[in-house]
Every structure is written in C-alpha cells, then in structure tokens.
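User: I would like to learn how to read a few features of a structure. Please give the general idea each time, then the case at hand.

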Amino acid sequence: MHMEDRFRLETEKLLKSWSKHDRTTLRNYLVEDVQDPRINIQSILSRHWLVEKLFGEKFADLAEHELRFGLVVNWLLELLKRQVRTDRLQAVLYALISGQKNAEGIEIPSYISQTFAGLALPNYICDLLNWAPVESTDEPVPEYIMTTFQRIWSELLAEEKSKKISVLEPACGSANDYRFIDSFGISGFINYTGFDLCAKNIRNARQMFPEIDFRVGNVFEIPAEDNAFDYCFVHDLFEHFSLDALEIAVSEICRVTSRSICIGFFNMHEDKDHIVQNVDDYHWNKLSVSATKKLFERYASTVQIVHIEAFLASRFECRDVHNKNAYTFIADF
Ligand SMILES: C[S@@+](CC[C@H](N)C(=O)[O-])C[C@H]1O[C@@H](n2cnc3c(N)ncnc32)[C@H](O)[C@@H]1O
C-alpha cells in the first residue's frame with residue numbers, strides 16, 4: 001500500500017509541528033502537572049483497561065481508589081494554582097478530620113471528604129495537606145506522594161501470572177505513558193510496541209527503554225499485518241488530523257488490532273459535526289462524538305463512550321474536572 005500524496009504532505013506538516021521542540025521538552029512537557037499519567041484520569045483509565053484485559057475484575061477496588069487519588073491530587077493542584085497558602089491547606093486537613101465541609105472559605109467537595117473517610121489515618125491526603133512547601137506553591141507534589149499507587153500496583157502485580165498480550169501504542173511520544181506502564185508493574189505482562197512520527201521522541205523512548213520496541217512510524221500507514229496486535233491504545237492524537245486523515249488513521253489502527261482499542265480524546269463535543277480548526281501546520285479539531293463513533297463502528301462490533309466529566313460526576317460526585325471535552329472510547333471487535 002502506498003500513501004497518497006495529500007497524506008504525505010500532511011505527514012510532513014505534522015512532523016514539522018512536533019520536531020520543532022527539543023528533546024528535553026518532548027521528554028517532559030506531556031507528563032507534567034495535570035497531564036502527569038499518574039493523575040491524568042484518561043491515562044489511569046487506559047492502564048485499568050490493560051489490567052482488566054489481563055486480570056479481569058480482580059483489581060477493581062484498587063482501580064477505584066486510584067481514580068480517587070487522581071481526583072484528590074488534581075484538586076490540590078488547582079488549590080495551589082490559586083496560591084492557597086500552607087496554613088490554609090492545614091485548615092483543610094482539620095476540616096476533613098472534624099467532618100466540616102468548609103475550611104476558612106475553601107469548600108471541600110464531597111469526593112474529597114468521602115475519599116478521606118475511606119482511608120486509614122495517617123494517609124496520603126494528610127501528607128498532601130501537611131507538606132510545607134514554600135509560601136505559595138510552584139513546587140510540584142513530592143515524588144513519594146505521586147508514587148503512592150505506583151508502589152501499590154507494582155507490589156501486587158509482582159505476585160501475578162498471566163499469558164502475555166500484545167499491545168500497540170501509536171503516537172507514544174517519549175514513552176509518555178509507557179514509563180508508567182513500566183513503573184506500575186504492567187510491562188512484564190505485555191509485548192509492547194510504540195511508534196511515533198517524531199524521531200526525537202523515539203530516541204528519548206529508546207534511551208529510557210533500550211529493550212523495548214519503540215520505532216518511528218506513521219499512523220496513516222502502519223507497517224504491520226492485519227490483526228498483528230491484540231490491543232491498541234492511543235492518547236491525544238486524532239484531533240490533530242484533517243478529516244480525511246482521521247478516517248485513514250482510524251481504519252489503520254482498526255486493521256492492525258484484533259480485540260480492542262482504547263482511545264483518549266481531549267477535544268470532543270456532542271454536536272453532530274466535527275469542527276475543523278487549522279492551527280499553524282496542523283489541526284486542533286473539535287471532534288463530534290457521534291460522527292467519530294460511527295467511524296469506529298465501520299470496523300468495531302461495539303463502541304463504548306466515556307465522557308470523563310459525566311463519568312466522574314456519576315461515580316464520584318466530582319464536578320470540577322479541568323477538561324470537559326475529554327472522552328475515552330473503547331472499541332471492541
Ligand atoms: C499530543 S502528542 C500525544 C503524545 C502521547 N500520546 C501523550 O498522550 O502524551 C501527539 C503525538 O503524536 C505524534 N504524531 C503526530 N502525527 C502522527 C502520525 N501521523 N503518526 C504517528 N504519530 C504522530 C506526535 O509526534 C506527538 O508525539
């Protein structure tokens with residue numbers, strides 16, 4: 001199969017858009033702050049999807065606790081961005097301990113107090129609210145708190161056995177999610193292949209994981225046989241394509257995957273049409289949920305849609321997600 005010229009041109013522009021960043025930026029910029037895969041709800045859900053494929057419902061309770069952890073740390077980051085000072089964070093802690101809903105003007109959402117009540121004392125929320133950074137707060141959350149669930153998962157999964165599954169990740173960046181698939185103890189159960197258009201990303205990824213199959217590749221033309229992989233997951237990619245290229249990319253990932261695909265979108269809406277937005281040399285589209293679903297239904301037997309905002313509201317009564325346009329799709333074949 002040969003790629004049409006129009007996709008070749010689009011590929012060149014996409015390449016230009018990402019290659020202008022230096023390697024250090026590429027290594028870090030998508031794993032910081034709310035995008036850190038340890039607290040980013042869509043990254044957490046993709047890991048849970050993999051764990052569920054491997055071990056069924058066995059870890060459902062832990063998965064639930066980890067989602068809560070993500071919400072709590074996101075909430076704290078938001079407070080820090082509003083320059084809430086250390087003494088007020090401690091007031092939040094006292095309010096939580098004494099069951100109050102408001103701490104000197106800071107309203108405590110129910111998902112925070114419920115999560116607090118469900119943890120033994122002392123717990124990571126005490127640590128988060130007690131850690132005394134500077135006056136205000138450009139300090140990131142300390143690593144020992146950020147790694148709370150990484151430690152639990154890797155310890156528990158070390159006890160497990162499972163037949164390996166093959167997993168493809170297009171647009172893997174600088175192993176942005178794979179780093180945590182590895183540090184959470186999931187990598188031993190999968191034959192992973194990651195590819196990205198941008199060679200600097202692949203150099204970064206290989207430097208971190210020389211043993212792992214990271215390669216330069218284009219989602220418009222995946223060099224793999226039909227059904228070559230059991231599973232595929234991909235984050236934050238499809239909004240950046242022209243609509244024709246979107247169709248090609250979806251057909252390609254569906255062609256090479258035999259069982260299920262988990263796709264994280266960052267910019268969708270519920271209207272019936274896509275909104276195409278050109279930004280410099282690429283796109284920053286707002287994709288229609290229903291039109292994108294139809295696209296996947298050409299190949300998949302079922303397409304499950306998770307609107308992250310609605311999911312967090314119904315499951316945890318959380319009503320302050322930072323990205324209301326985020327959706328995760330699960331397409332099963
Ligand atoms: C917004 S980043 C997302 C990276 C990673 N999935 C994450 O969530 O952190 C988009 C990535 O897609 C890659 N990319 C863009 N067009 C591509 C294409 N046609 N094929 C493969 N990768 C592509 C870029 O190089 C970039 O690393």
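Analyst: Start with residue classes: Ala, Val, Leu, Ile, Met, Phe, Trp, Tyr, Cys and Pro count as nonpolar, Asp, Glu, Lys and Arg as charged, and the others, Gly among them, as polar. This is a predicted model. In it, the shell around the ligand is made up of 10 nonpolar, 6 polar and 2 charged residues.

User: Which residues come nearest to the ligand, and which helix gives the most to the shell?

Analyst: Of the 18 residues around the ligand, the nearest are A171, G173, N176, L197 and H235. Helix α1, residues 5–19, gives the most to the shell, with 3 residues.

User: How do I read the angle between two helices? Take α3 and α4: at roughly what angle do their axes cross?

Analyst: Angles over 145 degrees count as roughly antiparallel. The axes of helix α3 (residues 41–55) and α4 come within 10 Å and cross at roughly 165 degrees, so α3 and α4 are roughly antiparallel to each other. Their crossing is right-handed.

User: Which residues of α3 and α4 meet?

Analyst: From α3, I41, I44 and H48 meet A63, E66, L67 and G70 of α4. Sorted by class, this contact of α3 with α4 has 4 nonpolar, 2 polar and 1 charged residues.

User: At roughly what angle does α4 cross α6?

Analyst: Helix α4 (residues 60–81) and helix α6 (residues 110–117) have axes that come within 10 Å and cross at roughly 125 degrees. That angle makes α4 oblique to α6. The crossing of α4 and α6 is left-handed. On the α4 side the residues are R68, L71, V72 and W75, which meet Y111, I112 and T115 in α6. The contact of α4 with α6 divides into 5 nonpolar, 1 polar and 1 charged residues.

User: Next, burial. Which residues of α11 are buried, and what covers them?

Analyst: The idea is to count neighbours: a residue is buried if 20 or more other C-beta atoms lie within 10 Å of its own, and exposed if 12 or fewer do. In helix α11 (residues 199–208), the buried residues are K200, N201, I202, N204 and A205. Their cover includes α1, α2 (23–28), β4 (190–196) and β5 (213–216).

User: Is D226 buried or exposed?

Analyst: D226 is exposed, because 9 other C-beta atoms lie within 10 Å. D226 sits in the loop between β5 and β6 (229–235). Leaving aside residues up to four places away in sequence, D226 touches R255 and V256.

User: Where is E160 found, and how many other C-beta atoms lie within 10 Å of it?

Analyst: E160 belongs to the loop between α9 (148–157) and β3 (165–170). It has 14 other C-beta atoms within 10 Å, so E160 is partly exposed. The C-alpha atoms of E160 and F189, 29 residues apart along the chain, are separated by 9.3 Å.

User: Last, the backbone. What is phi for D33 and for D280?

Analyst: Most residues other than glycine have a negative phi. D33, which is not a glycine, has a positive phi of about 50 degrees. D33 lies in the loop between α2 and α3 and is partly exposed, with 14 other C-beta atoms within 10 Å. D280 also has a positive phi, near 50 degrees. The loop between β9 (278–279) and β10 (282–283) holds D280, which is exposed, with 10 other C-beta atoms within 10 Å.

How values were computed. Residues numbered from 1 in each chain as written. Predicted model: local features only at pLDDT ≥ 70, side-chain atom pairs only at ≥ 80, totals over all residues. Near = placed C-beta within 6 Å. Helix = DSSP H or I, 4+ residues; strand = E, 2+ residues; numbered from the N terminus. Axes fitted to C-alpha atoms, helices over the stretch in contact; angles between N-to-C directions. Parallel < 35°, antiparallel > 145°, perpendicular 65-115°, else oblique. Left-handed = near helix turned anticlockwise from the far one by under 90°. Contact = placed C-beta atoms within 7 Å.
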